[in-house]
Amino acid sequence: MNVYSRPIVFLVLAIVVISVGTLVTTFIPLFAKTTSTPIDGIKPYTALELAGRDIYVREGCNNCHTQTVRPLKFETDRYGDYSRGGEFVYDRPFLWGSKRTGPDLAREGGRYPDAWHYQHFKDPRALVPDSNMPAYGWLEDTQVDPAVAEKKMAALGFPYTADEITALNGKTEMDAMVAYMQKLGRDFKEIMAAKNAQAAMPASALSNPYAGNKSAIEEGDDIFEVNCASCHGKDLKGGIGADLTAASLKFGGTDADLYASITGGRPGGMPPFKDALGDDKVWRVVSFIQYVRGGGEEAKEAGHGGHH
Amino acid sequence: MEKEVNYEYGVVQGFALSALFWGVIGVLIGILISFQLVYPELNFAPWLTYGRLRVVHTNGLAFGFGLGAIFGMFYYITQRLAKAPLPFPKLARVHLWLFNAAIAAAAVTLLLGYSQAKEYAELEWPLDIGVVVIWVMFAVNIIGTILNRKEKQMYVSLWYILATIVTVAVLYILNNLAIPVGLLKSYSVYAGVDDANVQWWYGHNAVGFVFTTPILAMFYYVLPKATGAPIFSHRLSIIGFWALIFGYLWTGAHHLVYTPVPDWIQTTAIVFSIFLIAPSWASVVNGYYTMNGRWDQMRSNYLIKFLILGITFYGLQTIQGPSQAIRAVSQVMHYTDYLPGHVHMGTMGWVALTASAAIYYVIERVYKTEVYSVPLANAHFWLALIGQLIFSVTMWFTGLQQGLMMMQRNADGTLAHTFMEALKLNYPFWIMRGVGGVIFFLGFAIFVYNILMTIQKGKRLGAAAA
């Protein structure tokens with residue numbers, strides 16, 4: 001007797017064998033926060049944008065257009081910033097596609113004015129002479145149904161107002177498609193623009209979100225030990241790098257000064273840590289340094305005894 | 001003795017003919033959409049635009065032709081290997097009619113734009129429920145036949161059949177979970193990255209458990225029957241089977257290389273894709289070595305040509321596929337026409353050639369006669385082979401060209417080509433691809449004619465004998 005003469009045992013065994021890869025690579029990741037947490041600033045679709053997205057699905061646009069920019073230099077040079085997981089949490093279904101008969105659309109929003117899109121949908125070859133895209137002028141012949149749109153918004157749990165639904169009256173499928181085109185990647189571009197604006201601000205205008213926060217100081221201690229202590233010493237008294245407990249620091253000792261030193265680096269050997277640590281961790285380190293500078297060495301040593 | 005068993009062959013023939021019917025429709029649509037890419041004026045009406053027709057092409061051939069052939073061949077192979085008839089022949093008849101109704105409904109709803117936009121899972125939720133019902137009807141008969149079997153040991157083909165039945169059920173149900181918002185509209189229960197990961201777990205394993213394991217079941221059955229020689233190594237069959245069905249489920253994310261899906265999932269998928277070369281080639285080696293001392297049958301037995309070229313394309317496919325999973329290759333080839341080139345070597349080469357051999361073989365056995373015309377079967381073989389090679393090779397060239405042009409830079413570091421510059425250069429290759437499709441279709445039409453004439457001949461002989 002063996003498994004090949006027992007069909008039921010064989011079936012059970014087969015199910016077990018196919019379940020291993022399924023559980024590890026597909027089922028367990030469903031519970032990972034990293035794949036389902038929106039980036040701060042990514043907004044759900046409006047009723048009009050959602051109607052446009054559903055038309056994109058209906059027409060099978062995903063058969064020719066992708067919506068994901070790969071983190072490769074030649075790709076970001078062509079299409080814009082690479083796609084992040086947190087941009088897609090409102091996408092049901094995802095529309096990344098698998099073939100580019102047309103260009104990627106992940107960063108399409110804002111690339112062209114609305115008028116360009118209207119004309120392009122009606123007659124692609126009028127704007128792109130060698131294009132092989134079908135003409136979609138007939139999208140203007142059908143109007144978006146506000147009642148259906150409201151039902152969809154409710155089903156997806158997206159916020160909407162009664163005015164927003166009323167405003168759909170008279171909107172054509174073409175209007176919806178153009179609105180959707182302009183939504184693609186728009187939120188992310190705005191988030192990045194805001195970040196860049198913030199980076200351009202003088203450091204003195206920044207404030208530490210964790211000033212005096214005890215748990216942030218403890219985490220800052222850990223981050224410091226891994227990233228900074230090799231030069232500045234575990235006790236912050238310096239070595240290759242400067243003594244951070246000194247009464248006056250060469251590049252300033254305010255929160256904003258420390259932030260600027262850590263993120264941007266300083267001449268004389270201090271490297272920039274903005275990309276490696278990110279703002280959040282940098283502020284924790286700043287809080288920790290200030291804590292030691294304020295409480296002295298004893299505080300630092302006491303801290304070590306406490307949580308290490 | 002065989003005569004005592006009252007085998008149910010009506011559904012076998014019914015499914016074989018259904019497969020041929022959907023095959024003709026699917027290939028014709030394929031030809032139309034290949035020319036639509038070059039001549040956009042061929043997008044005659046909203047329901048005949050490329051975006052809608054392409055999914056009718058893929059669903060029609062994967063599920064109309066592919067599943068039709070699988071259902072028919074599985075009903076035949078299972079009964080013969082079990083030496084037992086189907087326990088519920090009437091259920092199998094209902095299965096046949098429901099299957100055709102479902103494929104017709106699938107074609108109509110997709111043309112009308114009712115789509116979930118997940119590749120090979122486009123059908124909307126009411127049809128998904130229908131598919132599950134159809135699958136259960138099929139599973140009941142197949143598993144019932146196996147439980148009633150007179151032959152104690154299950155032969156290799158039955159392993160692949162059982163694995164196909166359970167795995168497709170799991171894949172299909174989990175990937176199609178959706179929240180309905182109307183009779184023919186729903187939203188996936190998964191969003192964004194999760195949806196992508198679940199979809200390609202499904203998508204790649206649809207390839208694995210519709211285009212691989214069932215076709216291997218046919219191959220392992222028909223090759224020894226046609227050659228008159230047992231499969232070279234039973235042990236190799238065992239290792240190949242378990243390693244294949246274990247490894248496949250890890251590989252979906254190789255479709256998502258460089259996307260926001262977590263890197264560890266991508267890398268795991270790439271590693272297991274490479275791993276799959278081994279069990280895939282276990283079957284290739286088993287096929288080739290079974291031919292040891294019998295290679296002259298390539299000339300004398302038309303079925304052997306189909307089977308050996310089929311397994312050869314399977315071997316090439318299972319090396320090319322894993323190579324595309326590797327990041328360095330994916331950078332260049334992904335999103336280009338290299339992908340349809342790869343897919344069509346598998347479908348027009350491995351699947352179509354092997355399934356054709358199985359259908360020829362089974363229809364001969366059902367009517368206890370020879371094929372109507374061996375020369376026509378040979379013509380079918382050569383047209384299918386040439387058509388497929390033209391298709392795949394042109395797509396590999398133009399895909400490579402497009403991929404490299406997207407990466408190319410000027411001396412000052414700026415990108416050397418616009419998207420349209422690369423796209424334009426596809427057009428002559430796409431025309432050649434269409435010509436390859438037409439040649440393949442001619443072969444397919446000959447196939448259909450030959451099968452219909454074989455059935456007619458068989459019926460005449462049966463009437464004469466009675």
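Is Lys83(B) buried, partly exposed or exposed, and what is its relative accessible area? In this predicted model, Lys83(B) is partly exposed, with a relative accessible area of 40%.

## A loop-to-loop salt bridge in chain B

Lys83(B) and Glu151(B) meet through their side chains in a salt bridge, with an N to O distance of 3.2 Å. Glu151(B) belongs to the loop between α4 (125–147) and α5 (156–175) of chain B, while Lys83(B) belongs to the loop between α2 (50–82) and α3 (89–111) of chain B, so the pair ties together parts that are 68 residues apart in sequence.

Glu151(B) counts as partly exposed, at 35% relative accessibility. Lys83(B), at 40%, is likewise partly exposed.

## Salt bridges in chain A

Over all chains, a search of the whole structure finds 32 salt bridges. One of them joins the side chains of Arg58(A) and Glu59(A), at 2.7 Å from N to O. Both residues of this pair, Arg58(A) and Glu59(A), are buried.

A salt bridge also links Arg70(A) to Glu75(A), where the closest N and O atoms are 3.1 Å apart. Arg70(A) counts as buried because its relative accessibility is 2%, under the 20% limit. Glu75(A) is buried too, with a relative accessible area of 2%.

Beyond these pairs, chain A holds a network of salt bridges that links Lys43(A), Glu49(A), Lys183(A), Arg186(A), Asp187(A) and Glu190(A).

## The second largest cavity

The structure holds ten cavities of 30 Å³ or more.

Helix α9 (residues 186–200) of chain A gives the largest share of the lining of the second largest cavity, namely three residues. By residue class, the lining of this cavity divides into seven nonpolar, three polar and seven charged residues.

## Cysteines without disulfides

How many disulfides are there over all chains? The count comes to zero. A disulfide is a covalent bond between the sulfur atoms of two cysteines. For Cys61(A), the closest cysteine sulfur is in Cys64(A) at 8.5 Å, which is too far for a bond. The cut-off for a disulfide is 2.5 Å between the sulfur atoms. Cys61(A) is buried, with a relative accessible area of 11%.

Cys228(A) is in no disulfide either, since no cysteine sulfur lies within 2.5 Å of its own: the nearest, that of Cys231(A), is 8.9 Å away. At 14% relative accessibility, Cys228(A) counts as buried.

## A hairpin in chain B

In chain B, strand β1 (residues 178–182) and strand β2 (residues 185–188) pair in the antiparallel sense over four bridges. A hairpin of two residues joins β1(B) to β2(B). Within this pairing, Pro180(B) stands opposite Ser186(B), which lies in β2(B).

Key:
Residues numbered from 1 in each chain as written. Chains lettered and ligands numbered in written order. Predicted model: local features only at pLDDT ≥ 70, side-chain atom pairs only at ≥ 80, totals over all residues. Heavy atoms only, no water. Pairing = 2+ DSSP bridges. Salt bridge = Lys/Arg side-chain N within 4 Å of Asp/Glu carboxyl O. Buried < 20%, exposed > 50% of the residue type's maximum accessible area, 1.4 Å probe, protein only. 1 Å grid on protein atoms, 1.4 Å probe; cavity = no way out; pocket = protein on both sides within 12 Å on 5 of 7 lines; lining within 4 Å. Points joined across faces, edges and corners; volume = space filled by probe spheres on them. Nonpolar A, V, L, I, M, F, W, Y, C, P; charged D, E, K, R; others polar.
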